[in-house]
Amino acid sequence: MADSAGIQQGSPAIGAAGLVPAAPGAGGTEGSGAAGGSARIAVKKAQLRSSPRPKKLEKLGVYSSCKAEGACKCNGWKSQNPPPTPPRTDQQSNAVNLQEPCRSCSHTLGDHVTHLENVSEEEMNRLLGIVLDVEYLYTCVHKEEDADTKQVYFSLFKLLRKSILQMGKPTLEAQESPPFEKPSIEQGVNNFVQYKFSHLPSKERQTIMELAKMFLNQINYWQLETPSQRRQRVPTDDAAGYKANYTRWLCYCNVPQFCDSLPRYETTQIFGRTLLRSVFTVMRKQLLEQARQEKDKLPPEKRTLILTHFPKFLSMLEEEVYSHSSPIWSQDFLAGASGGQIPIHTVISAPPVARPLYYSTSPVSVDPTTCGSVSPARKTVLESNPVGEKRKPSEPLPHEENKRPRAVGDIPMELINEVMATIADPAAIPETSLLSAHSARDEAARLEERRGVIEFHVIGNSLNQKPNKRILMWLVGLQNVFSHQLPRMPKEYITRLVFDPKHKTLSLIKDGRVIGGICFRMFPSQGFTEIVFCAVTSNEQVKGYGTHLMNHLKEYHIKHEILNFLTYADEYAIGYFKKQGFSKDIKVPKAKYVGYIKDYEGATLMGCELNPSIPYTEFSIIIKKQKEIIKKLIERKQAQIRKVYPGLSCFKEGVRQIPIESIPGIRETGWKPVGKGKELKDPDQLYSTLKTILQHVKSHQNAWPFMEPVKKTEAPGYYQVIRFPMDLKTMSERLKSRYYTTRKLFMADMQRIFTNCREYNPPESEYYKCANLLEKFFYTKIKEAGLIEK
């Protein structure tokens, strides 16, 4: 991993004007003035702290209330002969006279500093540091033009002034204290690196980590736009929320860079996705624009990193920042399940450097044709819409609330993490040849995309905007591919739909030309999308492109919160669509699609329901890693069972049947006897039986602790101990949604309630006793219903 110096060299800011953090009151200006202001404060503090004690008393007397008898109301000593403004450098420093009267109250300087007589030098130096910060903030208040920023400076000025008078430490009084959102930006980027890049070889993963450090560094020194500037640029945005975060950023991150008497925090450690969303789009544009403008000044060894890899990294991260279904912002995200948690503060924690970029209020135009190829794992969406436009935040998908960590079952998390550590390096996972029967269909295509050989773009025609030449060329290429591969479809019909503004096409680009695509029309109000054409040119088939195309299309629709596909497939296409998860069992109600989609004679209507928690373009990699985890767990289990038992000899003696539990060693493998019972095959009968049992359980006098999910405020640390919580309310919702297709699923969830309770609570607790009694009652009802043997 490159050190922080290497990351500074890789920053787009290097070779520019030597950009530095803007000091408060500097208005976000660039250049040496801001750094000079910070350096001057440090020099002044050092000089003042090395002054004689009388000189220090004189300085502190200015900010100390008068202690003379008679309840003097003077709040600071004022010299009879104030120094000239600006002070003359050739003027001799007069000796301090503690008997010199105050110009305001006529009491002596000594009357103002009597409380400092027995104060240590260390404490006096601390107070002097606050004094200089007060003077600096006073200057900022008078120079600042923005009303919101000026108000914050003035509040901090009063806070530090009060700290000197009371000889206390400055403490910001706020309803909330850092961190303001979890997970933090830093943790989210860590999760992103694990989620998207844990499968990469070590060298490539190291490059990604360097990009992540660079990105976090830029945020920590990014100069936020003022609330008034933001209102002018984004009138519809949440102005109150942004102003609150801007105020916090000034108080905890920006001002403390220069006023070190205030506690300082890194922006990436105390803010989360909300602040990142408010700055990401503009920040990304300006970073890439400046990188392009200054590419000749970049060191040759960093040029590829900045101009090629950094844009791809930002594009992938942007999708996760604005996606409501991204798992990286979940507090339950287990980075270990993707290859081991990165130690945040040692790997991609942002280093304190002095050359970040700045926010500029002037808009930066970005040419979509210069954005480079798409990201390795998720495509860059190139549409006829403005490139910078993001979909507006909406309510999170219902699946998001029910997300659970990826590991399921009762295997201890320590064991899972230990196994993950052994296969964190992809080299430890057996490689499969691309021609092997065990390789994924889309593996070759995914590798080509990662190397930049192929690209995926969602494009469409527009009647409202000036046509983009590249998009028009791609649309013509798609029309040719569909015409050649679908000869029974009239060319005029293909041309009309491909160029219809209501239709879009996910295009597959190789060496600058179109080799395949999927044409579709979205019906957001009806909750589905119709796939019209799907084809890959004949000489590029059997390479996994078709599967990878469909996977990209699925992720595009998950991003746009449309979770159903419908298509009419002819006899040649049914096999392909079945492999992509389509079936003849249509989940969309007929009333939703009749009259909306085109009906084709002799074709079969097929549908596909998407799961928003599945990263489809990486799905085969995840399955491959899961298989390896299971294999390792089996190997460990086998290694623990060292005793070898002799074979069964009873059958030679004429015994025809023995109980399973009598087999020597069977229990050591983890086998447990399961009560037999009839499995109800009729879904309605199963639903009715389980509903009756659940109602009986909920009505039991000992069911009250398990009626609803455990609240964090009532049981601190509960969700750190219990990884897979369950309660009767959740079971009712699952039953209503027909989740319980077998009795075993229902019994497993109920058993988890009792197991969790006994794991978290001590045996003498009331909850523990309730769990035991309710468990006994539950199994009585299960037996009465005939689901297990009595």
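I call a residue buried under 20% relative accessible area, exposed over 50% and partly exposed in between, with a 1.4 Å probe and protein chains only. By that rule Y252 is buried, because its relative accessibility is 7%.

I am working on a predicted model, where local features need pLDDT of at least 70, side-chain atom pairs count only at pLDDT 80 or more, and totals for chains, interfaces and linings use all residues. Residues are numbered from 1 along each chain as its sequence is written, and side-chain values use heavy atoms, with hydrogens and water left out.

**Aromatic pairs**

I pair rings of Phe, Tyr and Trp (its six-membered ring) if their centres lie within 6.5 Å; planes under 30 degrees apart are stacked, over 60 edge-to-face, and the rest tilted. The count comes to 28 aromatic pairs by this rule. I looked up F180 and Y252: the ring centres are 5.5 Å apart and the planes stand at 65°, so the pair is edge-to-face. For the elements, I take helices (H or I, at least four residues) and strands (E, at least two) as DSSP runs, numbered from the N terminus. F180 sits in the loop between α6 (147-166) and α7 (185-197), and Y252 in helix α10 (residues 239-254), so the pair ties together parts that are 72 residues apart in sequence. F180 is buried, with a relative accessible area of 12%.

F180 has another ring partner, F271. This pair is tilted, at 5.4 Å centre to centre and 40° between the planes. F271 is in the loop between α11 (267-270) and α12 (273-293), 91 residues from F180, so I note a link between distant parts of the chain. Are F180 and F271 buried or exposed? Both are buried.

I also found a cluster joined by ring pairs: F706, Y739, Y740, F746, F754, F778 and Y779.

**Charges over rings**

I count a charge as over a ring if NZ of Lys or CZ of Arg is within 6 Å of the ring centre and within 35 degrees of the ring normal. R734 lies over the face of Y739, 4.5 Å from the ring centre. Y739 also belongs to the ring cluster above. R230 lies over the face of Y242, at 4.8 Å from the ring centre.

**Salt bridges**

Side chains of opposite charge can pair when their charged atoms come close. My rule asks for a side-chain nitrogen of Lys or Arg within 4 Å of a carboxyl oxygen of Asp or Glu. That gives 17 salt bridges.

I checked R233 with E225, which meet at 2.6 Å, N to O. R233 is partly exposed at 36% relative accessibility. E225 is buried at 3%.

Next I took R513 and E540, whose closest N and O atoms are 3.7 Å apart in a salt bridge. R513 is in strand β3 (residues 513-523), and E540 is in the loop between β4 (528-536) and α20 (545-559). The two are 27 residues apart, and the pair links distant parts of the chain. R513 is partly exposed at 42%, whereas E540 is buried at 6%.

D585 and K587 form a salt bridge, with the closest N and O atoms 3.4 Å apart. D585 is partly exposed, at 46% relative accessible area. K587 is exposed, at 53%.

**Helix packing**

Angles under 35 degrees count as roughly parallel, over 145 as roughly antiparallel, 65 to 115 as roughly perpendicular and the rest as oblique.

The axes of α8 (residues 202-220) and α13 (residues 300-322) come within 10 Å and cross at roughly 75°. The two helices are therefore roughly perpendicular. For contact I require heavy atoms within 4.5 Å. Among the contact residues are I208, L211 and F215 of α8, and L305, F313 and L317 of α13.

α7 and α13 pack at about 105°, with axes 11 Å apart. They are therefore also roughly perpendicular to each other. Here F192, Y195, K196 and F197 of α7 meet F313, M316, L317 and E320 of α13.

**Other look-ups**

In α17 (residues 443-450), I find E443, A445, R446, E448 and E449 buried.

Q626 lies in helix α23 (residues 619-640). Q626 is partly exposed, at 36%. From Q626 to M420 I note 9.8 Å, C-alpha to C-alpha, across 206 residues of sequence.

Conventions:
Axes fitted to C-alpha atoms, helices over the stretch in contact; angles between N-to-C directions.
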